[in-house]
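The sequence and structure come first.

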Amino acid sequence: MVKITAVQLNHLQEPMGVTELPQVSWQFTANHRDCMQTAYQIQLAVNKNFEETILDSGWQESAQSQNILLTSTTTPVQSSKRYFIRIRIIDDKGTTSRWSATASFVTGILTKGEWLGQWVSGETSADEDDLTTKLLQGTMTIQRPVAEAYVHLSAMGMYQAYINGHRVGNAELTPGWTEYTQRFLYQTFDVTKSLKLGKNILGAVIAPGWFKGRVGFLGHSKNYGGQTAFIAQLVVRFVDGSTKVWGSTKAMMAVNGPITGADLYDGEVYDARLERHEWLRQEITDRYSDWHAVLPVVNDAELVPQTGALVMVHERLQVQKVFVTPQGDTVLDFGQNFAGFVEFKVQAPTGSRVVLECFELLDSEGNVYQENLRSAKAKIVYYCRGEEKETYHPTFTYQGFRYVKVTEFPSAIDPEAFTALVIHSDMSFTSDFKCGQPLVNQLHHNIAWGLKSNFVDIPTDCPQRDERLGWTGDAQIFSSTANYLANGYAFFKKWLQDVSLAQRADGGVPDVVPDILSNQPEIQEDPLLQYGTDSASGWADVAVLLPWQLYQTYGDVQILRHQFCSMKRWVDCMAKNASHYLLDYKLQFGDWVALDSESDSYFGATPTVLTSTAYFAHSTRIFSYVCRVLGKHALADEYATLAQRVRDAYQKRFFEEDGRLSEQTQTAHIITLVFDLVPKKWRAQIANQLVTLLRASGGHLLTGFLGTPYFCQALSDNGLSSEAYSLLLQTSYPSWLYQVKAGATTIWEHWDGIKQDGTFWSPEMNSFNHYAYGAVGSWLYAGVLGITMQSPGYQHILIHPRLDARLGFAEGGYQSGYGRICMRWEISEHLVHMQIEIPANTTATVILDDVATIMEHDKILFTGTRQKKATIGSGTYTVTYRRRD
């Protein structure tokens, strides 16, 4: 029996707002091993019963089950309409599956000319410095039964919308943050069930958000403008086949809302006494004297659909502990550092105040520690309405925190009255990991929560202080781990489009995207940023390395096509600014916050000319691969030659005649090994010298942002897995597990964020929720479990676990586009018991190290002596073997 178990469209379950036919992928299972697909059939219809099919592929003889581009239909798809897809397949036994469960997508507005909605604002120029939200209302009349209806929404600022009192969708912080000077995203929602016959009310709350509010550590607001605005288009399709389109116009009305202060960093002030009850269900007329007509606003930026990865509330955390600090503050402990906000219930007289302050950590004496928030207040202020029990949580802000200081509360503290709402961009989590070392399990937990906390519309550096910017280097070094942990294709694709838009004319990539730093007057006086806010190696290389990582993970060549020009421009920028193929251009962060330099320095000891040239060689080589994949063979040859010249220059500059590196830092050796910049004859020597440097530091890493992600890989890939495990399992400072033993629930920005004496690193830059060093997570999957991709999208898989008895066992898996890949191994004295699961329509190479005798092979045909190797198809396998001493 063969069964299709999952269908994805553009790597999403139900994309909303697509403007071209989506790519189709599916997973299936079978009750026999080595199952392969031999043919498929795809149907596209306008109804879920497939009574009106507009595309039928017929049977296609193909094993492809991922990223299938649908051909044009005889009937063109229309804007603002739902379409349905189903698939069936034939496997290698000749068995035909049943039709899959029906998948669907909703189209966006396909052409610019179809936009009837206008940008309108409830503000005037006098409101530029006002953080009060605006309530907007419009009406539309429906006189016939509705078949389906979709609304497309966006804002200059943030919005939350309602139809007839029903909230539209469940997304938070919409429309998200993009390069607003060039594009705004709009979201598409199904509102069929919210409409009624007669008068219908569309309401929207508009807040400053990233557009008008304070953004960035320079403290500026109004970075994109001083007037918020809103745009909407509602498309209603009736049962009789007719269609009606309503758009936002200057006929809408506006008034101040009860949120009198909405700031991403400082929090929210909500006065429930100012709530308006009429606006969501009653048409505003002249009798409401404080309402006024909206003003039309000009916005020439492009409106682009966001089809997935919207920010949502995903989890609710309960208070784990309520306590009073030595300084007398009442504190709620939710037990987990995260990004989100607090919801509370209160019943108190009119005008009573609730004041809550969010923070990450207690100091060494157990008191509230807020200094590392810098200027961010992270405060919620609520004025009670004074009727029955009230429930509230912020709408247009979020905080990064574990603890809440209850500064004011009008009644006794009941922990059940408080709930923490965890937000992050909507992504399906695709992996799990567990081993016999509880501290390592907690490390994995911390890495995953670092992702959750910082994948909030863009990949931020941290969720708590007055920053929360899209630092390109953090995203670049963490992307491999991120793509194991979650399906981040739509999330990263959205952000990479802004990376492209933000690039300089010379191809330089900004250090943060969206680029909020460039052209600010303070930059010229900043001791670091005056030397440049773009083109930092390891940061700017995200333009090349992240699209390649997505292609490798998902097998989707479209991301390379979309980003090709951006990738090429960055490689060409490096080539133009290199001297004799060595790169050291503008401000270079290098091995950021490494420990091998001066105490409390931001910069590591590895010279930036080494790290920059290494990335120049690495990105250029990867780009030559991209050219080859896209069939641009002449360009591939050109950039392969350039990469080799950079590699030659690197070796000439940094290698001594005896094969030693001139720079004796851990990071220099790590990236030389991992980026394949070492001559083959000296590889073992460089790897052994890395071990020597590690031992010289007492078995501790001293690496920063550029060296840390690859440390364990550099060791295990060169036959030094035992040393990699020793590094992973190190518990004293500095190490990953030092943080865990110190009580961390996420990853810290600094190895010494909390020093051994209990004091803190400088509050100027000391986040305790900063995912970068969590990049070791990829080694837990690729090294410990041994799950890596051998061909794009995991169509062919490499299973090569590195075992260590100190772990006892390890188990987990990764949900690829084809299905779940699982590994479990356990060491009992000298015996290894292993279980492997490979999904249908894929194959795998299995490599086992240090094998003395295979006791059980489950029909796997291994070859080799000390290292055993075999190729297997789909299925579940059990292997037992005796290890060599």
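## Terms and basis

Helices (H or I, at least four residues) and strands (E, at least two) are DSSP runs, numbered from the N terminus. The model is predicted: local features need pLDDT of at least 70, side-chain atom pairs count only at pLDDT 80 or more, and totals for chains, interfaces and linings use all residues. Residues are numbered from 1 along each chain as its sequence is written, and side-chain values use heavy atoms, with hydrogens and water left out.

## Overall build

The protein chain contains 14 helices and 46 strands. Its radius of gyration is 28 Å, close to the 29 Å that the globule rule gives for 885 residues, so the chain is as compact as a globular protein of that length. The radius is taken over C-alpha atoms, and the rule is 2.2 Å times the number of residues to the power 0.38. Along the principal axes, the C-alpha trace spans about 90 × 70 × 55 Å.

Of the 885 residues, 62% are buried (under 20% relative accessible area; exposed is over 50%, partly exposed in between; 1.4 Å probe, protein chains only). Contact means heavy atoms within 4.5 Å. Among contacts between residues at least 6 apart in sequence, 74% join residues at least 24 apart.

## Surface and charge

The accessible surface of the protein chain is about 32600 Å², and carbon and sulfur atoms account for 47% of it. Accessible areas come from the Shrake-Rupley method with a 1.4 Å probe; for residues, only the protein chains shown count as cover.

There are 75 positive and 93 negative side chains, with the centres of the two sets 6 Å apart. Lys and Arg count as positive and Asp and Glu as negative, while His and the chain ends are not counted. Each charge is placed at NZ of Lys, CZ of Arg, CG of Asp or CD of Glu.

## Aromatic pairs

The structure holds 59 aromatic pairs. Rings of Phe, Tyr and Trp (its six-membered ring) pair if their centres lie within 6.5 Å; planes under 30 degrees apart count as stacked, over 60 as edge-to-face and the rest as tilted. The rings of F455 and F478 have centres 6.4 Å apart and planes at 80 degrees, so this pair is edge-to-face. F455 lies in strand β36 (residues 455-456) and F478 in helix α3 (residues 472-485), so the pair ties together parts 23 residues apart in sequence. F455 is buried at 1% relative accessible area, and F478 is buried at 1%.

Y615 and F675 also form an edge-to-face pair, with ring centres 5.0 Å apart and planes at 80 degrees. Y615 is in helix α7 (residues 608-629) and F675 in the loop between α9 (666-674) and α10 (683-696), 60 residues apart. Y615 has 0% relative accessibility and is buried; F675, at 1%, is buried. Ring pairs also join a cluster whose members include W471, W539, F589 and W592.

W548 belongs to helix α5 (residues 542-554) and is buried, with a relative accessible area of 14%. Not counting residues up to four places away in sequence, W548 touches L560, I622, Y625, V626 and V629.

Y818 sits in the loop between β40 (809-815) and β41 (820-828). Leaving aside neighbours within four places in sequence, the residues in contact with Y818 include Q27, F28, S65, Y794 and P839.
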